[in-house]
There are 2 protein chains.
Amino acid sequence: MYNPIAFRLPEALEDGDYVIATYIYQTNVNVDIHKLAYALSEEQSSGTWVNLPLETEEVLQRHIGRVISIWEIPDYETQIPKEVTERAWVIQIGYPVHNFGAQIPLMLTTVHGNIAAAGRLKLLDLNFPKAYVEQFKGPKFGIEGVRKLLGVYDRPLLHNMIKPSIGLTPEQSAEIFYQAAMGGVDAIKDDELVQSHPWSNYLDRVRLHTLAAQRAYEKTGEKTLYFVNVTDRPDRMLEKARRALEAGATGLMVNYNTVGISALSMLADDPEITVPILGHLDFSGAMYGSPWVGLSSHLVLGKLARLAGADIVVYPSSYGKFPLLDSKHLRIVTALTDRFYQIKRSWPMPGGGVHPGMIQLLYNDMKNDFMVGAGGAVHGHPMGPKAGARALREAIDAAVAGIPVEGAAEEYPELEVALKAWGISKAGVKGRYDLMEA
Amino acid sequence: MYNPIAFRLPEALEDGDYVIATYIYQTNVNVDIHKLAYALSEEQSSGTWVNLPLETEEVLQRHIGRVISIWEIPDYETQIPKEVTERAWVIQIGYPVHNFGAQIPLMLTTVHGNIAAAGRLKLLDLNFPKAYVEQFKGPKFGIEGVRKLLGVYDRPLLHNMIKPSIGLTPEQSAEIFYQAAMGGVDAIKDDELVQSHPWSNYLDRVRLHTLAAQRAYEKTGEKTLYFVNVTDRPDRMLEKARRALEAGATGLMVNYNTVGISALSMLADDPEITVPILGHLDFSGAMYGSPWVGLSSHLVLGKLARLAGADIVVYPSSYGKFPLLDSKHLRIVTALTDRFYQIKRSWPMPGGGVHPGMIQLLYNDMKNDFMVGAGGAVHGHPMGPKAGARALREAIDAAVAGIPVEGAAEEYPELEVALKAWGISKAGVKGRYDLMEA
């Protein structure tokens, strides 16, 4: 089954013809890594577990995945120490782009399909050629587009999730929407658990929340976008998105990891969808949470979401209640905001336990181009949601101005109260959950 | 934040009002498990990390997840041994069905949304009340419906994947389709890597493969269904499915783990879709492969796929190239075939390295109601695909008749050749991949 066609130098491949997948693979000590890497490349392209008469040289040349790197960690050269019982490898395979074309599902099937069930094998990265990415539209708005909608260019944005997550009537949520908007939030989104319920129809929310935004605008002169959650079966989601836009929604939200990332793509590519889209993290931990299985967080919450067209991606703040390694948070930020051919930059929106005492840490990492995702810190502020929002805006302004948040708190009572309630965060402190490294 | 409303006996809940999620959670030794379980239930229903004025008693009563079981494994009663550094818990939470309604994405967001990122937390099971499941249609055909289409009632079915996976023209694949059909396969599906490519348009495959099925039928009197892969962005998938049906497709195939399980649901519920649907396993390993993260295989490859309407689910044969514990294979089979209120039974289709010497093991487990998923063993048979198919049918007939496969091989040369090439499988032997337990 082994065939040298599959083993190539990366330099030997035609630029632009391959998507490069990087995996970590842990094996038993006596593995034949070339045989195993070939099995991966063949499984995900032309072959199977037996020789096939029609799997000709020509078919292989055109379709087989190319193993372009095999690195052992650590890099044994002469012998394997006796005490070693398992070995770890980084393997890179290039898959011809014509094998799957410009769609995300078949691309994922190819780079991490059946082999996702092959033991301790995790997809660490995906690198795409320019000509491939040019077939995708990506976000319609991105960082610059959303700034333009809001007319805010010189600071991080403040995005609020309505809390309690579930159970409010549209009248109730519109009231706290108004309070938060008066406090200066730039955008407000539904909780991911909320869509359409007997006590809260999404169209009623759109109507009442955009009215609340309008009322606040008349007083503050600041706009507030509303991202309504349209998560549902893809066809119903699209229908709900259209109706939400007719009703005046200024943003859409999708739980893209449960609807499917290509449903996000469908929504973002639709020319009738003329507002930014926010993608939410829920369920993503099921795919990235293991250090040995699944795929890295900066793919599922970063590059793939951006490729699929998310203008904003909510991910767990590494300083918040769902700890994430700081290094992973920075990988996600890079995946969302660095140059990615013609694809617009997406907003990183760290969320989950974010409060004013955490803003400086986030600002240190991302400067102006991120959205603060804050729910409880607005609606659970001891002085109410308006004060909660103000405290966050004050913390943002302090960070931008280079003023320590404690200093700013001397001027602003709502910020002082927030810092007293929730403290000032430090990097590396774990959150609400009793985490074992997965 | 702790509130006794969240801690209830299962017997205290109104039957039918809750979906019950069962998790395994590994924690550090000094955890306050009630606080942690409450954090989970609140995160996934009404609350967040701070007290909220609007999270009233009434809201909690209506919406909060109920922690109905906390079991420690092992069940310490008096003290924790000094050497213990981590503890493992089984936690059951009931979520009110009105929180999410009759759609899969928001249900998944609720039972395994944000908390999927909470460390060593894996979703082990989901139990649904009758009234909830009655809002889903499930498979249109199921086991009985597909039998009726084929007119075959008294044996396991033989389902073949075309190999090589990718690279054949429709003319080439139609020719080996014909050979396999002449050998007696009941159904043939595309490989999951194949959809529409410059060298093989799916509509050409539908036309040529159904013609091949017709030609074979005229000689054998046996029908062969063709499951064409329509995997794509959900809207394009639906459009392709419709065009495939117009062109005469007798089955549809979806890589539902990359398109999204609710896209499968959309397809299955569509009244215009009048053929059975096959769901493929690819990417599922990214969700079930870790023993501590994600969700169990019998959910993603079993209950959820069935709820979403898959008539057939391809999963890794525990005796094949992608090893799966035998016990997991049996959980998947139970999830697909046991009574599940009004939802039709789905076909378990173990695949991945399946050959004639493996049929007896599969038959022992499942008797008549499964599909043999065989690709390489048909198209890589030393005597060609027709002989490959015949050998598998002969092995199936031998198992049904209670004849050892070695005995049957004395009568059938193609079976003898297959057994010589690939042997007779035994339970518990590991497959092609060098597996470390994830």
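Biologist: Which order do the strands of the open sheet in chain B have, and is their pairing parallel or antiparallel?

Modeller: Please keep in mind that this is a predicted model. In chain B the eight strands of the open sheet follow the order E12-E11-E9-E8-E7-E6-E5-E13, and the pairing is parallel.

Biologist: What makes E12 and E13 of chain B strands that stand at the edges?

Modeller: Strand E12 (347–351) and strand E13 (371–374) of chain B each have a single partner strand, so one side of each is left without a neighbour in the sheet, and that is what places them at the edges. Neighbouring strands of this sheet are turned against each other by 25 degrees on average, with direction ignored.

Biologist: How do you know that E8 and E9 of chain B count as a pair?

Modeller: A pair needs at least two bridges between the strands, and strand E8 (residues 251–254) and strand E9 (residues 277–279) of chain B have three bridges in the parallel sense. As an example, B:Met253 has B:Leu278 in E9(B) as its bridge partner.

Biologist: What is the order of the open sheet in chain A?

Modeller: Chain A has an open sheet of eight strands in the order E12-E11-E9-E8-E7-E6-E5-E13, with parallel pairing. Within chain A, strand E6 (residues 187–189) and strand E7 (residues 225–229) pair in the parallel sense over three bridges, and A:Ala187 stands opposite A:Leu225 in E7(A). Helix H7 (residues 202–220) of chain A packs on the sheet, where this helix touches E6 and E7 of chain A, and its direction makes about 170 degrees with that of E7(A).

Biologist: Why is B:Ala216 called buried?

Modeller: A residue is buried if 20 or more other C-beta atoms lie within 10 Å of its own. B:Ala216 has 23 C-beta neighbours inside 10 Å, and therefore counts as buried. This residue lies in helix H7 (residues 202–220) of chain B. Leaving aside neighbours within four places in sequence, its contacts are B:Tyr178, B:Ala181, B:Met182 and B:Thr224. B:Ala216 and B:Ala181 are 35 residues apart in sequence, while their C-alpha atoms are 6.1 Å apart in space.

Biologist: Is B:Ala335 buried or exposed, and how do you know?

Modeller: B:Ala335 has 26 C-beta neighbours inside 10 Å, so this residue counts as buried. B:Ala335 is found in helix H13 (residues 326–337) of chain B, and, apart from neighbours within four places in sequence, is in contact with B:His298, B:Gly302, B:Lys303 and B:Arg306.

Biologist: Is B:Lys367 buried or exposed, and why?

Modeller: The word exposed applies to 12 or fewer such neighbours, and B:Lys367 has 12 C-beta neighbours inside 10 Å, so B:Lys367 counts as exposed. B:Lys367 is found in the loop between helix H14 (359–366) and E13 of chain B. Its phi is near 50 degrees, which is a positive value in a residue other than glycine.

Biologist: What is phi of A:Phe283, and where does this residue lie?

Modeller: Phi of A:Phe283 is near 80 degrees, again a positive value in a residue other than glycine, and A:Phe283 lies in the loop between strand E9 (277–279) and helix H11 (285–288) of chain A. With 28 C-beta neighbours inside 10 Å, A:Phe283 counts as buried.

Biologist: What makes the peptide bond from A:Ile73 to A:Pro74 cis?

Modeller: The peptide bond from A:Ile73 to A:Pro74 has omega near 0 degrees, and is cis. A:Pro74 is in the loop between strand E2 (66–73) and strand E3 (86–96) of chain A.

Biologist: Which residues have the most contacts inside the largest nonpolar core?

Modeller: That core has 276 residues, and those with the most contacts inside it are A:Leu252, A:Leu267, B:Leu252 and B:Leu267. Leaving aside neighbours within four places in sequence, the contacts of A:Leu252 include A:Phe227, A:Val228 and A:Leu267.

Technical notes. Residues numbered from 1 in each chain as written. Chains lettered and ligands numbered in written order. Predicted model: local features only at pLDDT ≥ 70, side-chain atom pairs only at ≥ 80, totals over all residues. Helix = DSSP H or I, 4+ residues; strand = E, 2+ residues; numbered from the N terminus. Contact = placed C-beta atoms within 7 Å. Axes fitted to C-alpha atoms, helices over the stretch in contact; angles between N-to-C directions. Core = buried A, V, L, I, M, F, W, Y, C linked by C-beta atoms within 7 Å.
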